[in-house]
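This report covers a model with its sequence and coordinates.

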Amino acid sequence: MLFEALALVFDPYVLWVILASAAFGLFVGAVPGLTATMATALLVPVTFFMEPVPAIASIVTATAMAIFAGDIPSCLLRMPGTPASAAYTDEAYAMTKKGQGELALGAGLVFSVIGGLFGTAVLIVAAPALAEVALKFSSFEYFWLVTLGLLCAVFIAFANPLKGIVSLLLGLLVASVGLDNPAGFPRFTFGNAELAGGLTLIPIMIGMFAVSEIIRSVSRIDEPWEMAQAQIGNVFRGMWTLTKRYRMPVLRGSALGTAIGVLPGAGADIAAWMSYAVSKKFSKEPEKFGTGHVEGIIEAGASNNSALAGAWVPALVFGIPGDSITAIVIGVLYIKGLNPGPSIFMTNAVAIYAIFMVFILANLLMLPLGIAAIKSAKQLLRAPRELLMPVILLFCVVGSFAINNSIFGVVLVLVFGVVAYLMEENGFPVAPAILGMVLGAMLEEHFIRAMIRADGNFIAFFERPIAAALGVLALAVVSVPLVRRFFAPRAEISR
Amino acid sequence: MPGQRFGPAWFPGLIAAGLGTCGMFLIVAGVRQGAPWLALPDWMSRRRPSLGVAGVLGGLVFYILAADTLGFHITGIVLLASWMRILGSSWRVAAIVAVLATVAIHLSFYKVLRIPLPWGLLEQYAF
């Protein structure tokens, strides 16, 4: 079986797809205003017509490359290439100002690779093991699992849970449009045939992740980009010393990143913020943070890449996305007949092993290709935005049209692009909405099915041991922040 | 729905209740902080960004309305060239890149991926 998977991956066409996606991912990651999630959303219309393994491989490769490449403009322009680099952008730029640009870029690259490989290892070991347990799950467990995922997305990551809840509910509302509900009854369709089929998620994602970013970029089009350093030398110098010196931060960053990735709704960007904070807290020299100190870059850089792989664990085993990227991936998996769920490791074992191999390959490829990207950073960052943004926008239009060959896809792109832009500008996180859209149908189906089986008796949701545990956990996720808020001194809340 | 305790209205009902409650909390919080009813972002007062955002949104509406009649190619070239011009490129560069990009999308989406992009006015020249 391993050899079959190897044959799937080391096929000339698949390797070509991986290389092309890598170049695409590096470009998207390196250009501020284009994100890894956007890369995924833009890839979906193209992967539509590929075999399952190359389709998934292109997304895995492009996102891994993009998350690393986001570090490049952090160092050189003081602008994160993707949100996942935002946590240490100031730090990296400060290093460049001190003349340590090579060290910052090299640390970004090397520890991205290490973090990515760590996350991949966890994915390969944990996902099949978790699937063994998940095979015994009934609607009660699934209901709690989905609920837990949605609540994590709202309560773990964001400063204002209220806005997170609103975002989540809007997502669930979008998911309830159409005929696709347990009763098969048309909801919110207003007699419109396009709405009866439900809102197609991929145009919505293209709108929320690509068009909203374009609007944001265009609204800043008159702010110039200035490079801090033109010549870049050997980025590998001193990496071995750093690896030995900062063994603990690397390990901690990778482990925390993977865990944040596994948690639904929180992905690479939040992993990086948390790891940077943790790094500062446990550092022997916290006073150096913010002045151009490499330690936080190492820990957070490993963390965001490991989160990427971690997010695939719940996505593959339960069909619950670990981050915004896997929220899109789940749709692709269904289209390709690789329906996520615990049985995927038996029914599609070869394809899954092939995907695991692609993860390893993509992270290893990051070393040579990352060097190439760093060397050509000057050209990458001179990409003319006034030409780039319009082309990407037309690409979004055609891509969203391509999903159903319907102009309604373009309408969705426009509407959700504006909605996502307005939400983010006003402090409403977008991730919970995405999660609500992806999981809404699943949540309702399992809830109604469980309610009918329990004959309306809510206590039944706590009668099976795993269901009870998950339920208690879900309630804890909600109540802990509330309780803490209640008992916290006033000053801490306002901060 | 009669005869069903957990019918299709149950779930949207829960969502509505939740949204209503959260909305009230947000209004209360906003009033307490004395937040303004409507705050405009600062880019709106700058020429190129505000024109650009208006162009992006207007352009998308234009595509939705016109693509079927004008066809993808005309709409695409017109939109790309105007967007690029609004964002600060010269007419010459804008026109050249617009044509090249539209041809590239035609080749990749129409030819390779077989997406039925509308021809519109150019129907008789379709290839």
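## Terms and basis

Buried means under 20% relative accessible area, exposed means over 50%, and partly exposed lies in between (1.4 Å probe, protein chains only). Helices (H or I, at least four residues) and strands (E, at least two) are DSSP runs, numbered from the N terminus.

This is a predicted model, in which local features need pLDDT of at least 70, side-chain atom pairs count only at pLDDT 80 or more, and totals for chains, interfaces and linings use all residues. Residues are numbered from 1 along each chain as its sequence is written, chains are lettered from A and ligands numbered from 1 in the order in which they are written, and side-chain values use heavy atoms, with hydrogens and water left out.

## A covered helix in chain A

Helix H6 of chain A spans residues 89-97. It is mostly covered, with 7 of its 9 residues buried. These are Thr89(A), Glu91(A), Ala92(A), Tyr93(A), Ala94(A), Met95(A) and Thr96(A). They pack against four helices of chain A: H5 (71-77), H7 (101-134), H14 (268-282) and H15 (294-310). Just after H6(A), Gly99(A) has a positive phi of about 85 degrees.

## Thr37 in helix H3

Thr37(A) sits in helix H3 of chain A (residues 36-47). Its relative accessibility is 14%, so Thr37(A) counts as buried. Which residues does Thr37(A) touch, not counting those up to four places away in sequence? They are Phe209(A), Ser324(A), Ile325(A) and Ile328(A). Contact here means heavy atoms within 4.5 Å.

## Aromatic pairs

Rings of Phe, Tyr and Trp (its six-membered ring) pair if their centres lie within 6.5 Å; planes under 30 degrees apart count as stacked, over 60 as edge-to-face and the rest as tilted. The whole structure holds 17 aromatic pairs over all chains. One of them joins Tyr142(A) and Phe318(A), edge-to-face, at 6.4 Å centre to centre and 75 degrees between the planes. Tyr142(A) lies in helix H8 (residues 139-155) of chain A and Phe318(A) in helix H16 (residues 312-318) of chain A, so the pair ties together parts 176 residues apart in sequence. Both Tyr142(A) and Phe318(A) are buried.

The pair of Tyr353(A) and Phe356(A) is edge-to-face because the ring centres are 6.1 Å apart and the planes stand at 85 degrees. Both residues belong to helix H19 (residues 349-375) of chain A; they are 3 residues apart, so about one helical turn separates them. Tyr353(A) is partly exposed at 30% relative accessibility, whereas Phe356(A) is buried at 2%. Elsewhere, Phe140(A), Phe143(A), Trp144(A), Phe447(A), Phe461(A) and Phe462(A) form one aromatic cluster.

## Where chain B meets chain A

The contact takes 46 residues from chain B and 54 from chain A. Together the chains bury about 4500 Å², 86% of it on carbon and sulfur atoms. Buried area is the accessible area (1.4 Å probe) that two parts lose on being put together, summed over both.

There are 2 salt bridges across this interface. A salt bridge is a side-chain nitrogen of Lys or Arg within 4 Å of a carboxyl oxygen of Asp or Glu. One such bridge links Arg46(B) and Glu223(A), at 3.6 Å from N to O. On the side of chain B that touches chain A, helices H1 (10-32), H2 (47-70), H3 (72-86) and H4 (91-112) of chain B each supply at least two residues. H2(B) gives the most, 11 residues. By class, that side has 36 nonpolar, 7 polar and 3 charged residues. Ala, Val, Leu, Ile, Met, Phe, Trp, Tyr, Cys and Pro count as nonpolar, Asp, Glu, Lys and Arg as charged, and the others, Gly among them, as polar.
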